[in-house]
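Open the model in a viewer and keep the selection panel to hand. The stops below say what to select next and what is there.

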Amino acid sequence: MHIVMIGGSDAGISAALRARELDPAADVTVVLEDAYPNFSICGIPYYVSGEVTHWRNLAHRTTADLEAAGMRLRTDTTALRIDVAGRKLLVTTAGGGEEVLGYDKLVIGTGAVPVRPAITGLSGPDALGPADGVHLLHSMGDTFAVMRTLEEATPASAVIVGAGYIGLEMADALTVRGLHVTQLEQLGEVLPTVDPQIGALVHAELAARGVEVLAGTTVQAITTAPPGGPGRLEVIAAAADGTAVTRQADMVLVVVGVRPETALAADAGATLGSKGAIAVDPMMRTGLPDIYAAGDCVITHHRLLGETYLPLGTTAHKQGRVAGENALGGNRQFAGSLGTQVVKIFDQAAARTGLRDHEAAAAGFDPVTTETQADDHKAYYPGSHRITIRVTGDRATGQLLGMQLFGHKNAEIAKRVDIAATTIYHGMTVDAVSDLDLSYTPPLGSPWDAVQIAAQAWVRQTRPR
Ligand SMILES: Cc1cc2nc3c(=O)[nH]c(=O)nc-3n(C[C@H](O)[C@H](O)[C@H](O)COP(=O)(O)OP(=O)(O)OC[C@H]3O[C@@H](n4cnc5c(N)ncnc54)[C@H](O)[C@@H]3O)c2cc1C
């Protein structure tokens, strides 16, 4: 049995590891177009900030670890075409030629590529690029280009276009490196994946750390600045009321989301679904014979929404594992995502799981959302922090649908959102959160955990007796 994985990141490597784990005799080849198998691109901001001191430290596993697990790595190799009927894959070779690899099962893990928005100066023959200090950010190659700009051009300032979680992490990272950062976001508040009330708290943390935040501001052009100004690049934008906004900086980072990389699968005849991602069933089958797909290149099965597109590293790992197991003849299903995510912004963290109010309403629920503040541990013990918690539940059934949290990075925001994720996964009610047997000692918690206090507030406000 020869299983070939295309893509050497979270999905492809997870599939390869699972196949080898289940069958140490399986012949597993991973084809990847760069030289960085199993690198944690989620860690890029912390390498840029200097907190991770060498790019090699971003490897989840070294090449030697992966080879010891029994997979063959074909680095610097691009998969060009899939011959579905012949079960063959055309790939490039190191010498610039082409080669055909036969396979019994194929797992496509081609991931996502950063969106290049329609901003003048970003595309076309005269487009500005890394050599000018203008960057997109997704791969290790992009990271090295950013580091070259930082080390060789020693910029004093940066404009970040986009205030999603990657934009926020990079605002944190570049500020830590000593740059003055201006962050421009088209939508009305930063981190638009959470409610604006939580976004406003993130905004305040950015501002407190010296980041200039301009929400509701749409970037139209990036050009070379006239000499004598405060930066070598000029970013031209429009505020929501149409007022022109201009900022100069030495470096511009454009991070406005990703789109699935599906050309190879689509050419082979795979069906595409939500956001143009490869349609797969919960077993990660594409519908093409013997071809599975996983990670940022595929649609996401969401436990409350059905089909959606939610590219996340956690999801890519799980889907890859399912694809690897099933490629070997298994019968595993991807249980579905809840879009659980967390981001650190300087000393604060914001997290969400499940649905926000408007998403729940669109999905046919009757949502009610309440907001509560609670301490992360007993306030009499030094160092306690207030956590803001927004709970979304269904008025009719009491089902917990979503939770969003904001608080200090040491206030266990990530693990508290995971309590909510677990509760939603099991279809429990908001009221039942109070029944969970959670841990308590005054320096670390309270007899009623913060998420239980928030759940009780939701019940009080929503279902008065
Ligand atoms: C800066 C940053 C921070 C992030 N932080 C988080 C986080 O904190 N939490 C989280 O859950 N997620 C995070 N993510 C998202 C997460 O990294 C992705 O969801 C995850 O990497 C997806 O894995 P993947 O294997 O599906 O795809 P990718 O990581 O996109 O990898 C696909 C690989 O396939 C290769 N490839 C594509 N086409 C071909 C071809 N034809 N031939 C050969 N190789 C090919 C590509 O070169 C690429 O290396 C972050 C992403 C970035 C960029």
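**Helix α4**

Select residues 140–152, which form helix α4: its 13 residues reach 18 Å from first C-alpha to last, close to the 18 Å expected at 1.5 Å a residue. The expected span of a helix is 1.5 Å times one less than its number of residues. Helices (H or I, at least four residues) and strands (E, at least two) are DSSP runs, numbered from the N terminus. This is a predicted model, in which local features need pLDDT of at least 70 and side-chain atom pairs count only at pLDDT 80 or more, while totals for chains, interfaces and linings use all residues. Residues are numbered from 1 along each chain as its sequence is written, and side-chain values use heavy atoms, with hydrogens and water left out.

Within α4, colour M140, T143, F144, A145, V146, M147, T149 and L150, which are buried. Buried means under 20% relative accessible area, exposed over 50%, and partly exposed in between (1.4 Å probe, protein chains only). Now show α2 (44–49), β9 (134–136), α5 (165–176) and β16 (251–254), against which the buried residues of α4 pack. Contact here means heavy atoms within 4.5 Å.

**Helices α10 and α11**

Select α10 (413–425). Its 13 residues should span 18 Å at 1.5 Å a residue, and the end C-alpha atoms are 18 Å apart, which agrees. The buried residues are I413, R416, V417, I419, A420, A421, T423 and I424. Their cover includes β21, β22, β24, β25 and α11.

Buried in α11 are A450, V451, Q452, A454, A455, A457, W458, V459 and T462.

Between α10 and α11, select G427 in the loop. This glycine comes just after α10 and takes a positive phi of about 65°. G427 counts as partly exposed because its relative accessibility is 43%. Draw a distance from G427 to L400: the two are 27 residues apart along the chain, and their C-alpha atoms are separated by 7.2 Å.

**The second largest pocket**

Which residues lie nearest the centre of the second largest pocket? Select E412, R416, S439, L444 and D449, which are among its 15 lining residues. A pocket is an open set of points on a 1 Å grid over the protein atoms alone, where a 1.4 Å probe fits, with protein on both sides within 12 Å along at least five of seven lines; lining residues have an atom within 4 Å of a point. About 290 Å³ of space lies in this pocket, the volume being the space filled by probe spheres set on the points. The lining has five nonpolar, five polar and five charged residues.

Next, select M5, I82, L89, L106, I108 and I278, which touch the most other members of the 51-residue largest nonpolar core. A nonpolar core is a set of buried Ala, Val, Leu, Ile, Met, Phe, Trp, Tyr and Cys residues joined through side-chain atoms within 4.5 Å. Helix α1 (residues 10–22) gives the most to this core, with five residues. Another core lies apart from it, with 39 residues, among them I44, M140, V202 and L253.

Centre the view on I82: leaving out residues up to four places away in sequence, I82 touches K88, L89, Y103, L106, I108, L264, A268 and I291.

**Two positive phi angles**

Most residues other than glycine have a negative phi. Select K275, a non-glycine residue with a positive phi of about 55°, in the loop between α7 (263–267) and β18 (291–293). Is K275 buried or exposed? K275 is exposed, because its relative accessible area is 67%.

Then select F346, another residue other than glycine with a positive phi, near 50°. F346 lies in the loop between β21 (341–345) and β22 (348–354). F346 is buried, with a relative accessible area of 5%.

**Last stop: L272**

Return to the loop between α7 and β18 and select L272. L272 is partly exposed, at 38% relative accessible area. Neighbours within four places in sequence aside, L272 is in contact with T262, A266, A277, I278 and A279.

Note on methods. Nonpolar A, V, L, I, M, F, W, Y, C, P; charged D, E, K, R; others polar.
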